[in-house]
Amino acid sequence: MGDMIDATESGASAGTALRLGSWAAFLVALSAAVALAVGVTTPPRSGAFCTADCVTYPYTDVAAFVPGDYLWMYPALLVTGLLAVLTACLAVVVPNGRRALGLGATALAVVAAASLAIDYAVQLAAVQPSLLHGETAGLSLLSMYNPHGVFIAIEDLGYFTMGLAFLAAAAALPRRSGLERAVVALLALGGALLVGLLLVLAPLLGADLGYQYEVLAMAVGWGTLIVAGPLLGVALRREGSRLAEGGPVGDPRVAAATVR
């Protein structure tokens, strides 16, 4: 009896995770698409990508660019939070033998989400109002226009950790269907690029790294989620339908729950 109760509870948890994960996958792709669309229309004001009327040290004469230059951070915040939710759902439904990898992906995604959420929240809730009120003392190091500042350093950490989460998720997910194999390939490629780019650019550029990794990492990270998110959402929805119909799904615990 105890085993049957455990299996039933496990199946119910898996069903919830499949439904929530499916919605999170679709929404993270949508949020990433919005963030990318807004981001590419925001002109670079400093660093290597700026070509005209560039902001220079101390990077505080930028009140005229508030709030326009910061709008992309709102959908980016949604991306980070939804990615953490999605990986948590995956950790529940991946095969038992790969559950540690699923939990690892969740932990890495939470680190990435926390890093980026704090980074963007500081810009939106502290730097923006300080600029508008002319309270610019000490803002140089925090300014997102400073290519050597705290903002870029934390962003680099966040997207590097996101790459590790992609790699762990790719290793954890099953590869039974063409759809699942496509998701795994996309996550593996995106994760390898996010990790590899920093490992190559950091020693190559040294103190001049600036925005180079950040810009590429956002394009790769968001692009991966835009493409892989809907595919993963469909895969999770299919698994949820199989579970609802009493058929076997990828996790042996879920399959056991359907056998009464």
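I began with Gln128, which is found in helix 3. A reminder to myself before going on: this is a predicted model.

**Entry 1**

Is Gln128 buried or exposed? I looked up its relative accessible area, which is 7%. Buried means under 20%, so Gln128 counts as buried.

Next I asked which residues Gln128 is in contact with, leaving aside its neighbours within four places in sequence. I found Val66, Pro67, Tyr70, Tyr74 and Gln123. I also checked Ala63: it sits 65 residues from Gln128 in sequence, yet the two C-alpha atoms are 7.8 Å apart in space.

**Entry 1: helix 3 from end to end**

I wanted to see how the length of helix 3 works out. The helix covers residues 99-132, which makes 34 residues. At 1.5 Å a residue it should span 50 Å, and its end C-alpha atoms lie 48 Å apart, so the two values agree.

Where is the kink in helix 3 centred? I traced it to Gln123, with a bend of about 30 degrees. Gln123 had already turned up on my list of contacts of Gln128. After helix 3 comes Gly134, and I noted that its phi is positive, near 70 degrees.

**Entry 2: the largest pocket**

I turned to empty space next. Rolling a probe the size of a water molecule over the atoms shows where such space is left.

The largest pocket has a volume of about 510 Å³. I counted 21 residues in its lining, and those closest to its centre are Gly39, Thr42, Glu214, Val215 and Met218. Helix 1 (2-40), helix 4 and helix 6 each give two or more residues to this lining. Which of the elements gives the largest share? I found that helix 6 does, with 5 residues. By class, I noted 15 nonpolar, 3 polar and 3 charged residues around the pocket.

**Entry 3**

The lining of the largest pocket, for its part, does have charged residues, 3 of them.

Technical notes:
Residues are numbered from 1 along each chain as its sequence is written. This is a predicted model: local features need pLDDT of at least 70, side-chain atom pairs count only at pLDDT 80 or more; totals for chains, interfaces and linings use all residues. Side-chain values use heavy atoms; hydrogens and water are left out. Helices (H or I, at least four residues) and strands (E, at least two) are DSSP runs, numbered from the N terminus. The expected span of a helix is 1.5 Å times one less than its number of residues. The bend at a residue is the angle between axes fitted to the seven residues ending there and the seven starting there. Buried means under 20% relative accessible area, exposed over 50%, partly exposed in between (1.4 Å probe, protein chains only). Contact means heavy atoms within 4.5 Å. On a 1 Å grid over the protein atoms alone, a cavity is a set of points where a 1.4 Å probe fits but cannot get out, and a pocket is an open set with protein on both sides within 12 Å along at least five of seven lines; lining residues have an atom within 4 Å of a point. Grid points are joined across faces, edges and corners, and a volume is the space filled by probe spheres set on the points. Ala, Val, Leu, Ile, Met, Phe, Trp, Tyr, Cys and Pro count as nonpolar, Asp, Glu, Lys and Arg as charged, and the others, Gly among them, as polar.
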